[in-house]
Amino acid sequence: MKTDLRPAKARLQVGALPVRFAPDGSAEILLVTTRTTKRWTIPKGWPIKGLKAHEAAAREAQEEAGVVGKICKKSVGKYLYWKRLADQSILCNVKLYPLKVERSLDVWRERDERQQQWFSLSEAADMVGEPGLSATLRSLKLC
């Protein structure tokens, strides 16, 4: 795989932070695995024409994790990572939008391609493969 080492302008992606609260009030984040390498990450993708960034993030959560709920209109953070493509890697800047999960779907688009699991914030930060996402999860304050 070819990686371009020249300074690159990061391409925008949007990501959802599916969150629920445990009986003790602590926040839990739903992570999904990537389709190819099976690393833990959040639902994320490219902006979608005709949708605002937070709406596109909510759609990614539905398609990749099978969850729906109330998405925040304001980003709570961002991180950089290298997206692996077939013949190259590209730098991506992911804006994160919390999604308060209201329900889980029985059937969704990528159900057979990914695993999903709920984690505490600290566990999620340990599980994800991207250092920038891990640091963002460690500093995230959800109420």
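This section describes the fold, the surface and the salt bridges of a predicted model.

The chain contains three helices and nine strands. Read from the N terminus, the order of elements is β-β-β-β-β-α-β-β-β-β-α-α. The C-alpha atoms occupy a box of roughly 50 × 30 × 30 Å along the principal axes. The radius of gyration is 15 Å, which agrees with the value near 15 Å for a compact globule of 143 residues.

Contacts across the sequence were examined next. Among contacts between residues at least 6 apart in sequence, 69% join residues at least 24 apart. Of the 143 residues, 45% count as buried. The accessible surface comes to about 8600 Å². Carbon and sulfur atoms account for 50% of that surface.

Charged side chains comprise 26 positive and 16 negative ones. The centres of the two sets lie 7 Å apart. Nine salt bridges are present in the structure.

One of these salt bridges pairs Arg-20 with Glu-28. Their closest N and O atoms are 2.6 Å apart. Arg-20 is partly exposed, because its relative accessible area of 35% falls between the 20% and 50% cut-offs.

A salt bridge also links Lys-44 and Glu-130, with the closest N and O atoms 3.9 Å apart. Lys-44 belongs to strand 5 (residues 44-45), whereas Glu-130 sits in the loop between helix 2 (121-127) and helix 3 (131-139). The two residues are in parts 86 residues apart in sequence, so the pair ties these parts together. Both Lys-44 and Glu-130 are buried.

Glu-63 and Arg-109 form a further salt bridge, at 3.3 Å from N to O. Glu-63 lies in helix 1 (residues 53-65). Arg-109 lies in the loop between strand 8 (88-104) and strand 9 (116-120). The pair therefore ties together parts that are 46 residues apart in sequence. The two partners fall into separate accessibility classes. Glu-63 has a relative accessibility of 18% and so counts as buried, the limit being under 20%. Arg-109 is exposed, with a relative accessible area of 63%.

Salt bridges with shared partners also build a network. Its members are Arg-35, Glu-64, Glu-110, Glu-113 and Arg-114.

Note on methods. Residues are numbered from 1 along each chain as its sequence is written. This is a predicted model: local features need pLDDT of at least 70, side-chain atom pairs count only at pLDDT 80 or more; totals for chains, interfaces and linings use all residues. Side-chain values use heavy atoms; hydrogens and water are left out. Helices (H or I, at least four residues) and strands (E, at least two) are DSSP runs, numbered from the N terminus. The radius of gyration is taken over C-alpha atoms; the globule rule is 2.2 Å times the number of residues to the power 0.38. Buried means under 20% relative accessible area, exposed over 50%, partly exposed in between (1.4 Å probe, protein chains only). Contact means heavy atoms within 4.5 Å. Accessible areas come from the Shrake-Rupley method with a 1.4 Å probe; for residues, only the protein chains shown count as cover. Lys and Arg count as positive and Asp and Glu as negative; His and the chain ends are not counted. The place of a charge is taken as NZ of Lys, CZ of Arg, CG of Asp or CD of Glu. A salt bridge is a side-chain nitrogen of Lys or Arg within 4 Å of a carboxyl oxygen of Asp or Glu.
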